[in-house]
Amino acid sequence: MGLQDAFFKMGYVFDSPEAKRLSDQISETVYYHALKTSSQIAKKQGAFPAFKDSRYAAGFTQVQLAQDLQPEMPKLNFDWAALAKDIQRDGLRNSLLIAIAPTATIASIVGSYESIEPQISNFFKRETLSGEFLNINRYLIQDLKDLGLWSPTMRAQIIEQEGSIQNIEAIPLEIRAKYRTVWEVSQKTLIDMAATRSAFVDQSQSLNLFLEDPSIGKLSSMYMYAWKQGIKTTYYLRSRAKTKIKKTTVEEPKSYSAEEAVACSLENPETCEACQ
Amino acid sequence: MILNTELNLTLRPMQYPQFFKLYKDSIKNIWTTDELDFSIDFEHLRDKLSPKEAHLIKRLVAFFATADNLVAHNLVLNFYKHLNSPEYRMFLGKQLFDEMLHVETYLLLVDNYLPDPVERSEAFDAYRSIPSVKLKADFCFKYMDSINELDKLDTDEKKKQFLQNLICFAACVEGLFFFGSFAYVYFLRNKGLLPGLAAATNWVFRDETMHIEAAMAAIGVIREEYPHLFDEALKKRTEAMIDEAIEVEMAFCSDALSLGVSGISPTMMKDYLMYCADNRLVQLGYPKKYLTKNPFPFMVLQDVQSLTNFFEKRVTEYQKGFSATKQAVVFDEAF
């Protein structure tokens, strides 16, 4: 939970190599220490009953298994061979340790982004049993405030753009790259990140995928790629509605007829809205 | 020309591809009433709603009960008859289906909200018996009746009459009456009340948006093809009609909020309606007139991406699947 928050705080773009490295490091650290602690407990209280028949007893952790199975391995920072030996000697208290949950509800209670996903939108509404709640990207607002760009007009513009800032010229390109929404990130990134993470996940991960406008071609390409990368399974596929509810909190953009535009530009060449 | 009186059935070459696209887009938004769930609302009506809020709800239900049927009626008898574009008629076919879904939705609502059979039949009679609802219905009839004898748009006068009807239903009925009623629903949702009605409204509102957009597009085409119809007189009549619609909706508001509901007032509603009316005027190509601000911050929830917890509620943000026959399974498309 909150991987996106970590990236925002560190200023990482979701599909950058730094982001992927950090994601791998987090997963590796969690799995390493989970195993280590479970093994220490096993030393005192005994291993789980079927330990002798498990792959751990044969000297394998998920990392060693992944090395044989996965097309791409993350860079390792811990001494996994030594840990595997310790486990062989001392046993393991828990047969399974790591799963990545969807965290839909707790993320919204804590106020972070869900699971391992990019943000869905810079402005979005969460619908739950208890009501509907507005979520605004506070990291983006802070960055815009620092640049002196945050204003009611900016807010309206982001809402008008369905929570995307990609077409707002006033915002610098690096900020736009950082605050892309999940609809603006290649799903390949999510799959690749999940694939290398698999080396540190012994159960499974909740990998939601997002396609704004799904087609058979896109779906078959995406899921085949996920399978080839060694992903065990994916979770939901989210798409977006084809047409939207009329926005009532932003104003109707005014349209100008050809004559109006000509007439106006002749009269007020400086201030004419039609010609801007 | 879209108001020609000779029946046009030609789709190739396609004269109005923009209407065909609207038809295709709207098909991706098909939903059914099986996706609605009023069970929590039922508890709220029994235990949580104050008598003042209950009165507001009764009025809303009475309006909803017949409103979409009236729109459907006009759609078939006027729009379908006179908008001579086979592409637009395809869209109208889908719109008629939408209207029937809405009728069914509000039938379900009446059945769920009003357990007493007498109250149920009263709701369906509201357009005759409850004065504030009758005013709205009469407003619709006024612009429908005026073209009842309109068989052929063979003179400019008749074309103008039809145009007035089109503007009335797009800008006033769907564009103001419905917008007003939806605001009450979202106001209640914002207080944590009646989530079932709010979810149903999400679907209906999305459809209505599409209907208004399509009607405005048709008006735009008429403006291009028959610019002389858009004279000063039409502008004046349109402005007067919108004024009247606001007045009628405010009469409804005074009745619906007559007991006083904390958090929402007729003054706010009036600002909101004027704000919506300004947007309709701009859509029609006229300047704004009222210059008020939207006083309902909670309406922003309608304007943003929705993310639903699957286990808790039905997702409304999706599009319908596509036909497999046309698309090939491939493994090298970008995603």
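Two strands count as paired if DSSP finds at least two bridges between them. In this predicted model, strand 1 and strand 2 of chain A form a hairpin with 2 residues between them. Strand 1 of chain A also pairs with strand 1 of chain B, and chain B and chain A bury about 5,200 Å² between them.

**The strands**

- Strand 1 of chain A covers residues 123-128, and strand 2 of chain A covers residues 131-136.
- These two strands of chain A run in the antiparallel sense and are joined over 6 bridges.
- Within this pairing, A:Glu127 stands opposite A:Glu132 of strand 2.
- Strand 1 of chain A and strand 1 of chain B, by contrast in direction, pair in the parallel sense over 4 bridges.
- Two positions illustrate the pairing between chains: A:Phe124 stands opposite B:Gln305, and the bridge partner of A:Glu127 in strand 1 of chain B is B:Thr308.

**The interface between chain B and chain A**

- On the side of chain B, 52 residues are in contact with 56 residues of chain A.
- Of the area of about 5,200 Å² buried between the two chains, 57% lies on carbon and sulfur atoms.
- B:Gln305, B:Leu307 and B:Phe335 supply 18% of the area that chain B buries against chain A, more than any other three residues.
- Across this interface there are 26 residue pairs in polar contact.
- Helix 8 (156-190), helix 9 (195-225), helix 11 (266-283) and strand 1 (305-308) of chain B each supply at least two residues of the side that touches chain A.
- Helix 11 of chain B gives the largest share of that side, 6 residues.
- By type, the residues of chain B that touch chain A comprise 26 nonpolar, 14 polar and 12 charged.

**Salt bridges**

- Side chains of opposite charge can pair when their charged atoms come close.
- The structure holds 27 salt bridges over all chains, and the count between chain B and chain A is 1.
- B:Arg189 forms a salt bridge with A:Glu132, with the closest N and O atoms 2.4 Å apart.
- A:Glu132 also forms a salt bridge with A:Lys125, where the closest N and O atoms are 3.1 Å apart.
- Both A:Lys125 and A:Glu132 are buried.
- A network of salt bridges links A:Lys125, A:Glu127, A:Glu132 and B:Arg189.
- Within chain B, B:Lys160 and B:Asp231 form a salt bridge, the closest N and O atoms being 2.6 Å apart.
- This pair links distant parts of the chain, 71 residues apart: B:Lys160 lies in helix 8 and B:Asp231 in the loop between helix 9 and helix 10 (232-256) of chain B.
- B:Lys160 is buried, because its relative accessible area is 13%, whereas B:Asp231 is partly exposed at 24%.
- A:Arg89 and A:Asp90 also meet in a salt bridge, at 3.1 Å from N to O.
- A:Arg89 is exposed, with a relative accessible area of 59%, while A:Asp90 counts as buried at 17%.

**A buried phenylalanine**

- A:Phe7 belongs to helix 1 (residues 3-10) of chain A.
- At 0% relative accessibility, A:Phe7 counts as buried, because the cut-off for that term is under 20%.
- Leaving aside residues up to four places away in sequence, A:Phe7 touches A:Tyr12, A:Phe14, A:Ala19, A:Leu22, A:Ser23 and A:Met193.
- The C-alpha atoms of A:Phe7 and A:Gln142 are separated by 15 Å, and these residues are 135 residues apart along the chain.

Definitions and conventions: Residues are numbered from 1 along each chain as its sequence is written. Chains are lettered from A and ligands numbered from 1 in the order in which they are written. This is a predicted model: local features need pLDDT of at least 70, side-chain atom pairs count only at pLDDT 80 or more; totals for chains, interfaces and linings use all residues. Side-chain values use heavy atoms; hydrogens and water are left out. Contact means heavy atoms within 4.5 Å. Buried area is the accessible area (1.4 Å probe) that two parts lose on being put together, summed over both. A salt bridge is a side-chain nitrogen of Lys or Arg within 4 Å of a carboxyl oxygen of Asp or Glu. A polar contact is a pair of N or O atoms within 3.5 Å; within protein, one must be able to donate a hydrogen and the other to accept it, and residues adjacent in sequence count only if both atoms are side-chain atoms. Ala, Val, Leu, Ile, Met, Phe, Trp, Tyr, Cys and Pro count as nonpolar, Asp, Glu, Lys and Arg as charged, and the others, Gly among them, as polar. Buried means under 20% relative accessible area, exposed over 50%, partly exposed in between (1.4 Å probe, protein chains only).
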